[in-house]
Amino acid sequence: MKGRVSLWLGLGLTLVFALAAAVSFLWVPQDVTQLAIANKMKPPSLAHLLGTDHLGRDILSMIMVGARTSIAVALVAVGIGMGLGVPLGLTAAAHRGGWLDEIIMRGNDLVFAFPSLIIAILITAVFGPSALNAIIAIGIFNIPVFARVTRGAALSLWTRDWIMAARVAGKGKARISVEHILPNVLNLLIVQGTIQFSLGILAEAGLSYVGLGAQPPTPSWGRMLAESQTMISLAPHMAIFPGLAILLTVLGLNLMGDGLRDWLDPRLRRAR
Amino acid sequence: MSLLRIENLHMAIHGFPVLKGVSLAVGVGEVLGVIGESGSGKSMTAFSVMQLLPEGAVCTGRILLDGRDVLDEDEAALCRMRGRDVGMVFQEPMTALNPLKNIGAQVAETVQIHARVGKAEAWARAREALARAELPEERFPMSRFPHELSGGQRQRVVIAMAIALRPKLLIADEPTTALDVTTQAQILALLARLAREDGMGLLLITHDLAVVAGMADRIAIMKNGEVVEEGPVSLLQAGLQHPYSQALLAASTHQPERDGGEDGDVILKAEGVIRDYSGKRHLWGRAAPFRAVDQVSFTIRRGESLGLVGESGCGKSTLTRALLGLEPIQGGAITFRGQPVHPAMGNEMRAGMQVVFQDPYGSFNPRWRVEKLVSEPFHLMPEQPQNARDRVAEALEAVGLTSADMEKYIHEFSGGQRQRIAIARALITRPDLIVLDEAVSALDVSVRAQVLDLLADLSDRLGLTYLFISHDLNVVRAITDRVMVMQRGRIVEEGPTDQVFTHPSHDYTRQLLTAAPKLPEGAAA
Amino acid sequence: MLRYVTKRFLSLCVALVVASAVIFTLVEVVPGDPASFMLGINAQEDTLAALREELGLNGSLLSRYLDWVGGMVRGDFGTSYTYRTDVAGMIADRMQVSLPLALYALALSTLIAFPAGIWAAARRGRVGDVAVMGATQLGLAVPNFWFAMLMVLVFAIKLRWFPAGGFAGWEKGLWPGLKSLTLPAIALALPQAAILTRVMRSALIDALGEDYIRTARAKGLTRGQALRRHALRNALIPVLTIIGMQFSFLLAGAIIIENVFFLPGLGRLVFQSISARDLIVVESVVMLLVFAVIVVNFAVDLAYALVDPRLRTRE
């Protein structure tokens, strides 16, 4: 029951921000490239529901457009992680105990040993700051996460009799991995995907906050916070709303992940 | 007066009734055997006495221990009772002990919880308890950790914990189900001795009539949360009254009717098969290899049913995987229909031999429909047969299911039905040889009897050849023509089933036969 | 036990070699010519040549790599191009901020997470558990730098309890130093505490569902005794893993928080060096952080062996 509540709450929150990002392509309350210095740092009002920033831009509009950046960066980073990590994990599990497994897992450990933020910074330092490099930096660290989750779940599946039955039916490792293993780890991957998605949004916000994410004029939540910092005592709303946007999006995704876990877990479902 | 008297006990978990008016009694120094199949409520009865029930369980009725009603006691009083007045032994010794604490500390804890004694005194009493459970300190220091002990030894530790304070009542919940026959015999003898020495009441819960036949004073047979029959153990011979009890006894001794195998040509031949597991790699090379199968030779003829018995770890599963061409062998040769068996062998070879596994719950991909599950071995055919659906239907009907079951998912079936589906899957390619790897071991006795009948019927009708692998001597005796006994990777004895069972020639075979629990002569419904 | 330690130690050495090679490649090979990268496109040819000479870029890749590694082993991290000082000394200075900050945050996170996780696990499914789990959901979702900004607004600007930024140094005593690290440590610890609480709770719940807990209850232990004597130590194994990961994260991942509070720590040093394109400093600090992570993981592996007797006797 509790799982249902977090699932719906999380789904609701996530949809709100996805919708805001989608709508921003067609319409925003106020064009975010238009500066109106005379109108700067206005607190929330009917004209500007969430107020204006130090350049007089409408904060609600900025948040809506910023959602696009956050979602795009995190989504592609999850895609990279899944696209490479899942096949790696399946391969490692299929060759469990062999040298291929050993190499893949040691490689994983190695990536885990690098402080992710520092490497993200290193990548952007060598290749220059951009949304694309932020995606790559975050994506690389998703690979071992998915590889590990996939391998762990696949390992326990490989000991099942039904896999033995498939081998008696003459099926090879690759085919068994795709036909029998992948569909049965998919639930877990969906749950992990939502978690990595939310971590991606947090990471993107952090990188843009220190100026290594999306570059101006593309609005992003992290940079909105960076710009608000010096004016925090004069115009706290400039800091509060973008932060809340991050908080609620990440919260929504996490709740959705938890809810999905409970809902998809057949053990829990049977007990219900 | 009875030591334990359960009167009209009802128990429901989240409103779902589990026990429906159970009444039982155990006298001082008496052994009560409670027998039932899965879902009969026999274990829940035991846990009700301990009041260690799952969350949401509600008991009504009376559970009188020495005249005091357990159901009226508060949690503190119950904690004082558990371990001191009532000890308990569980089914799964491998997980029943804390892996991070040594056995001395775990046994001494029972003493320390209940008696205000110092550490030295508690350890001295733990030492004594372990010695009584036949783990003397000279050979099993109390600093040992559970992972350094075998399953049987761990069960002795659990028993030592349960009897350390010489409780009045000992509850043993399937204490030997997870153990090999020879270990089972030793543990049962130990429990009987301790009960006799301490004048303890023993509540022995099991699914196996033969286990209680040897040691219980009285028996109670449970079904669906009710006691259907209760009485002295002599009822087994004098005649059980309730139809369910009679059916249970009949199933336990069931011999399926078989035509007996005629001698066909040799279809599978193993010559000097060796299977080594390479030693674990470490810094300075590899540990010595472990020889799981050692110089095994035998033949199977078309139409016969060959048994392979042995205890866990004897190498029978490893041998099975090699025979199926799933793992390479390091010496000798296996030939099937005259051609060599190896991991890279062709599909037409694999189509000729299929397998049925033990666990009806782990043998199927939960996401596939039965039609896809049963037809998976068609992968071995050069092309999918035109009438694939018809053949699936045919196979399902052959095992006593219906073609409508094709559309269902595996979770919609019971354990026995799943094992029938596994047999259907094995039949689908019309193989010559079916390997039955502990195929009925996980089933309740009455279901087991039905599946054995099915197997006998199929082999008669379709001329199938079986390799029947099991640790259960009774089952092997019922279904095979010839039997091999395996110990530590070797076949120690081989011959016609009746001869091996009546006149065993090897010591190990004799040992196995003596250890196996037997129903008394004349115990038939 | 000895075999286990040796094995872990060897894998530590391999990890260090591979990690240093990766960092070297990323910093010195990928950008092409590090000298022109550091000086920018408008650099004079003779300045470039001088810098190449100074950095020893004229040798082969292998000899440069070996020089770099050899120098670090001797404690010589090279000389910063922008600051014109010894990199080892700079790192030592910055460690005086980063290390105490990481330890402070780790202590806070552990002090919050252990009781909260245990409390929630013992009340599984009840109101207290739901409340703790809800709080951890918030803790996971809050961007820590935003939370830091809000704390600055409330506790530094409005209430004036703590400084808004900068580091007082340890010279004036323990308290001024700790005071300037308190808000950053809380900001760092908050999400970590949320993670650790969840891990502690779920590890305990898993342990409480094990058969040996039922055995312990059958001996007459109360629920609480079974939790303290049997479940807790078993639950510690996954918790240790997370604590190890968190320490390295706190050491390296403080960069953003150091930015919010203008703390002169390691993370900020990397960040400044990247802006200044001072590759020598970047390379050394990153290597040092990776070294710390790998060593902490090694320590965690050893801690496992202390907790779990199965590892001590296993091959």
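Predicted model: local features only at pLDDT ≥ 70, side-chain atom pairs only at ≥ 80, totals over all residues.
Helix α4 of chain A, residues 116–127, packs against helix α13 of chain C, residues 279–307, at an angle of about 160 degrees. Their axes are 11 Å apart. Angles over 145 degrees count as roughly antiparallel, so α4(A) is roughly antiparallel to α13(C).

Which residues make the contact? From α4(A) they are A:Ile118, A:Ile119 and A:Leu122, and from α13(C) they are C:Val282, C:Val286 and C:Leu289. Sorted by class, that gives six nonpolar residues, with no polar and no charged ones. As for handedness, α4(A) passes α13(C) in a left-handed crossing.

Now the interface between the two chains as a whole. On the chain C side, 39 residues are in contact with 37 residues of chain A. The size of an interface is often given as the accessible area lost when the parts come together. For chain C and chain A, the buried area is about 3,400 Å², and 84% of it lies on carbon and sulfur atoms.

How many salt bridges are there between chain C and chain A? The count is one. A:Asp258 and C:Arg198 meet through their side chains in a salt bridge, at 2.8 Å from N to O.

Last, chain A by itself. What is its secondary structure? Chain A has 10 helices and zero strands. Read from the N terminus, the elements of chain A are α-α-α-α-α-α-α-α-α-α. Taken along the principal axes, the C-alpha atoms of chain A fill a box of roughly 75 × 50 × 30 Å.

Notes
Residues numbered from 1 in each chain as written. Chains lettered and ligands numbered in written order. Heavy atoms only, no water. Axes fitted to C-alpha atoms, helices over the stretch in contact; angles between N-to-C directions. Helix = DSSP H or I, 4+ residues; strand = E, 2+ residues; numbered from the N terminus. Parallel < 35°, antiparallel > 145°, perpendicular 65-115°, else oblique. Left-handed = near helix turned anticlockwise from the far one by under 90°. Contact = heavy atoms within 4.5 Å. Nonpolar A, V, L, I, M, F, W, Y, C, P; charged D, E, K, R; others polar. Buried area = accessible area lost by both parts, 1.4 Å probe. Salt bridge = Lys/Arg side-chain N within 4 Å of Asp/Glu carboxyl O.
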